[in-house]
Amino acid sequence: MMSAKLIFLLIIWPLLSVCHILPETPPEQVTIALLDTGIASAAIAPENLLPGWNYLTDSADCEDLVNHGTAVASVIVGCESAGVQGIAPGALLTPLVIADKENSVPPEVLAQAVYDAVDRFGADIINISLGLPKDVPEVRQAVAYAEEQGVLVVAAVGNGGPDGEPLYPAAYATALAVGSIDERGSISDFTQPGASVFAPGEDIWLASRRGKTYGARGTSYATGFVSAAAAVWLAREPLPPAELRQKLRELLGAESEYWQGYFAALNAAE
C-alpha cells in the first residue's frame, strides 16, 4: 500500500513544483472550513486549528468522535504521530461538525454551515467530503453564495461507483467535484460520475482521531488532497473561485497533461 507521504512525493509535490505554484512559505493565511465529523486535537497540531462549531450539539466542541473528519484533515495539514505528510502543512482548518457516525447530514445544517464558513469563520476554501442524494434549493443557494463571496467549494462526488446517482453539492456548477484515483492513476471503481478533477483516494495512509495510522479509501480523502492543492495555489496567486476551478481542472482533470506525464514517469521508474 502506498503511503500518503509517498503519494505526496510522487504526485502532489511534483505537480505543484513543476507548475511553479509552490509559495516560498507554507500557506499559513489560507483557511479551509472542514464540513465533516470534526477534527481530533490529539491528531492535528493546534497551530493548524481554528475555533469552529458543532451544529449537532450546538456547541463549540468540535472533537471528532468518528475518524472521518480527522482523516481528511490529515491529508491537508498532516499528522506527525501518524507519519502522514500534509500537502498544505501551514493551512488553517476550521472544523464545522455537520455529520455523525452514520454520516447523515440534514440539508438545512449543511446549508447553514456553508453560510457560516463564509460569513462567520472567514474561510477561503470549503471542503465538503460528503453530500446529499438530491438537489436541495437551500443548499444550492448556499453554495452559490460562497461563490459570490469568493470562496471555493470543493466536494466529493461519492463512492457509489459508475452507476451512482449525482451527489450534492458536488453536482453543482459552483462546486469543484472530486473523484478518486488509485496508485496506478486509474479512476477508482467506487468513484461516482461527475468528477472534474481527480486525486489519490485509495492505497493511502491517514490519521485516526487518536493520531494513529490507518488505511481507508474514498473520494472524501481525494477531496482533501484537492482542497490542499487549492490552498497552496491561493497562497501564491489569489484567484476567484471560477478561475481557480478552471486551473485545477486543467491540472488534475482525467485528460490533463500532468497525469499523462505522471503515468509515463511512474511506468519508466518500474
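Modeller: Two residues are in contact when they have heavy atoms within 4.5 Å. This is a predicted model, in which local features need pLDDT of at least 70, side-chain atom pairs count only at pLDDT 80 or more, and totals for chains, interfaces and linings use all residues. Residues are numbered from 1 along each chain as its sequence is written, and side-chain values use heavy atoms, with hydrogens and water left out.

Colleague: What pLDDT does the chain average?

Modeller: pLDDT is the predictor's confidence in each residue, from 0 to 100. A score of at least 70 is reached by 83% of the residues. Residues 1–25 have a pLDDT below 50, and beyond near neighbours in sequence this stretch has 54 contacts in the model. The average for the chain is 86.

Colleague: How many helices and strands does the chain have?

Modeller: Helices (H or I, at least four residues) and strands (E, at least two) are DSSP runs, numbered from the N terminus. Counted in this way, the chain has seven helices and eleven strands.

Colleague: What share of contacts between residues at least 6 apart in sequence joins residues at least 24 apart, and what share of the chain is buried?

Modeller: Buried means under 20% relative accessible area, exposed over 50%, and partly exposed in between, with a 1.4 Å probe and protein chains only. Of the contacts between residues at least 6 apart, those joining residues at least 24 apart make up 72%. Of the 270 residues in the chain, the buried share is 56%.

Colleague: How many residues of helix H2 are buried?

Modeller: H2 covers residues 68–77 and is mostly covered. Its buried residues include His68, Thr70, Val72, Ser74 and Val77. The buried count for H2 is ten of ten.

Colleague: Is Thr223 buried or exposed?

Modeller: Thr223 has its place in helix H5. Leaving aside neighbours within four places in sequence, it is in contact with Asn127, Ile128, Ser129, Val154, Ala155, Ala156 and Val178. Because its relative accessible area is 0%, Thr223 counts as buried.

Colleague: How do the directions of H3 and H4 compare: roughly parallel or roughly antiparallel?

Modeller: Axes are lines fitted to C-alpha atoms, for helices over the stretch in contact, and angles run from 0 to 180 degrees between N-to-C directions. The axes of H3 (residues 107–119) and H4 (residues 137–148) come within 8 Å and cross at roughly 15 degrees. Angles under 35 degrees count as roughly parallel, over 145 as roughly antiparallel, 65 to 115 as roughly perpendicular and the rest as oblique. H3 is therefore, relative to H4, roughly parallel.

Colleague: Which residues of H4 make the contact with H3?

Modeller: From H3 come Pro107, Glu108, Leu110, Ala111, Val114, Tyr115, Val118 and Asp119. The residues of this contact divide into eleven nonpolar, one polar and three charged, where Ala, Val, Leu, Ile, Met, Phe, Trp, Tyr, Cys and Pro count as nonpolar, Asp, Glu, Lys and Arg as charged, and the others, Gly among them, as polar. From H4 come Glu138, Val139, Gln141, Ala142, Val143, Tyr145 and Ala146.

Colleague: At what angle do the axes of H5 and H6 cross?

Modeller: Val226, Ala230, Trp233 and Leu234 in H5 meet Leu244, Lys247, Leu248, Leu251 and Leu252 in H6. By class, this contact has eight nonpolar, no polar and one charged residues. The axes of H5 (residues 219–236) and H6 (residues 241–252) come within 11 Å and cross at roughly 120 degrees.

Colleague: Where does Pro169 lie?

Modeller: Most residues other than glycine have a negative phi, and most peptide bonds are trans. The bond from Tyr168 to Pro169 is cis, with omega near 20 degrees. Pro169 lies in the loop between strands S7 (152–156) and S8 (176–181).

Colleague: What phi does Asp58 have?

Modeller: Asp58 has its place in the loop between strand S2 (53–54) and H2, and counts as exposed at 58% relative accessibility. Asn67 is in the loop between S2 and H2 and has a positive phi of about 125 degrees. Asp58 is not a glycine, yet its phi is positive, at about 55 degrees.
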